[in-house]
Amino acid sequence: MADVISTIGDGLRQSFLMAYEVWWALVLGFAISAIVQAWVPRERVESALSGSGFKPLAKATGLGAASSSCSYAAIAIAKSLFQKGASAVTSLAFQFASTNLVWELGLVIWILIGWQFTLAEFVGGIVLIALMAVLLRFFVSPKLEEQAREHAKGAQVGHIHLSSESKGGWKEKTTSVEAWSDVAHNFRGDWKMLWKEITIGFLLAGFIGLLGDDFFNFLFIEDAPPVLKTLENVIAGPIIAMLSFVCSVGNAPLAAVLWSGGIGFAGVIAFIFADLIVLPIIFAYAKYYGWSYALRISALMFLVIVISALFIDVLFGAVGLIPDTRPTRDDIFGSIQLDYKLVLNVLGAVIFAALFWLTARRGATDPACGMRVDRAKALRLEHAGHTYYFCSEHCRSQFEADPDAYTHAASAPGEHAVGHAH
C-alpha cells in the first residue's frame, strides 16, 4: 500500500510540474486567442464557405486559426457551417485549422519539446488541409456529401454559443472595459471547455512518465531500418491518440512523454495531428452525419495525417531541423525554482485572475447551459420578478418552455441543458 501511495504521489507530482512548466504559455495562448475572437471582426461565413476553390478554403483556414482550439467546439461549429451550406472541404479545413494552427497549442508544444515541433505543427497543418482538399473526392462523393448535409440538418446536438465580438477600432478597444469584457468572456469560455482535456492530458503524461523504457521499447520498433521505424511510428502515433481519448491542447504533454520515450519525429507530429479522430469524436461524426460519411472522413483524416507527418519528417530532415537529442524525463517535468518561469507563471496567474474577475463583475450565468455571459450584451428574460441572461435564443427558448426546471433550488445551472460549443 505504501508503494501504491508513493507511486500515485510521484505521478501527481510530475503532472503538476509539467503543468507548471507551461502554465504561463497556456494563459498567454488562451488570452491571444480570446483577443482574436473578440476584436477581429468576422462577417457571416456560410455563403463564403460554400465553394471548394482556393478562396473559400483559405477563408475557412483563417477562420479556424482564429477560433478556439477545442476539438469538440471545432467539430460542432463545422457541423453548423456544413448545415448552412459550407462544403465538406471547407468545413474539414476549418476543423484542421482550429486544432493545428492556433496560438495556445503552438506555445505549449514549444515550451515542452521545442520550436521545431511548433513549426512542424504549423507547416504540417497547411499540408494537412491541402492534402485533404485534393483527396476528399476519393473518399466522399457529391451524393454522399449531400446525404450527410441532410443528416446534419436533422441532428439536434445543441446550439452554437458564438464568441463575444467588439465593435470599433483597435485603439478604442484597448481602452474599452466592454471590449476587454468580451475578451474575458471568450477566455473564460475556452477554459471552461478545455480544462478537463488539459487536466487529463497532464495526468496521463505524469503517470505514463513513470513507466520505464521497456514500456516504450514495446510500443515502438527499435531494431529496424530507419524507414521501417518511421513508418511504424507514424502509424502508431495516431492510433495511440485515438485510444488515449485526449485531444486539443491536452495531447501536447503526452506528446512530450512519447518523444522522450523513443517515438520518432514523424510519430510525434502524427500524434499531435490526430486529435480530430479520437474515438469520442468519431462517434460524434456519426451522430452528426451518419456512419458512412463519418467513417470515410475519419479514414481520410488518418491517411492525410500519416502522409503529412511523413512529408514533414522528410522536409525537416533534409534541412536539419529534426532535433538530435531528446529531453530526459527531468527536462520535461522540470522543477520549481526562483527563475524567469516563476515570474512568468505569477504573471500568468494575475492575468488569469483579472480576466475571470472581469467576467464575475460584468457577467451572469446562463441558467440553461451554465455559460458565463456579459449582462450588457446577453439576451434577457423577466420571470417571477427576476432578470435572467442567456447566451443565445436557443437557451432562452429552452428556459421559457420550463422555467421551474432551471429556477428550482435543487437544480444546478446547466443540469438540463444540451451541450453546446463556444
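The structure holds 2 cavities of 30 Å³ or more. A cavity is a set of points, on a 1 Å grid over the protein atoms alone, where a 1.4 Å probe fits but cannot get out. Grid points are joined across faces, edges and corners, and a volume is the space filled by probe spheres set on the points. The model is predicted: local features need pLDDT of at least 70, side-chain atom pairs count only at pLDDT 80 or more, and totals for chains, interfaces and linings use all residues. Residues are numbered from 1 along each chain as its sequence is written, and side-chain values use heavy atoms, with hydrogens and water left out.

The largest cavity has a volume of about 40 Å³. Its lining residues (those with an atom within 4 Å of a point) are Ala78, Phe82, Ser91, Leu92, Gln95, Tyr289, Tyr293 and Ile297. At least two residues of this lining come from each of helix H3 (71-83), helix H4 (88-100) and helix H15 (291-318); helices are DSSP runs (H or I, at least four residues), numbered from the N terminus. The most is given by H4, with 3 residues. By class, the lining of the largest cavity comprises 6 nonpolar, 2 polar and no charged residues, where Ala, Val, Leu, Ile, Met, Phe, Trp, Tyr, Cys and Pro count as nonpolar, Asp, Glu, Lys and Arg as charged, and the others, Gly among them, as polar.

The second largest cavity contains about 30 Å³ of space. It is lined by Ser33, Val36, Ala65, Ala66, Ser67, Val102, Trp103 and Glu104. Helix H1 (2-39) and helix H5 (103-113) each contribute at least two residues to this lining, which divides into 5 nonpolar, 2 polar and 1 charged.

Definitions and conventions. 1 Å grid on protein atoms, 1.4 Å probe; cavity = no way out; pocket = protein on both sides within 12 Å on 5 of 7 lines; lining within 4 Å.
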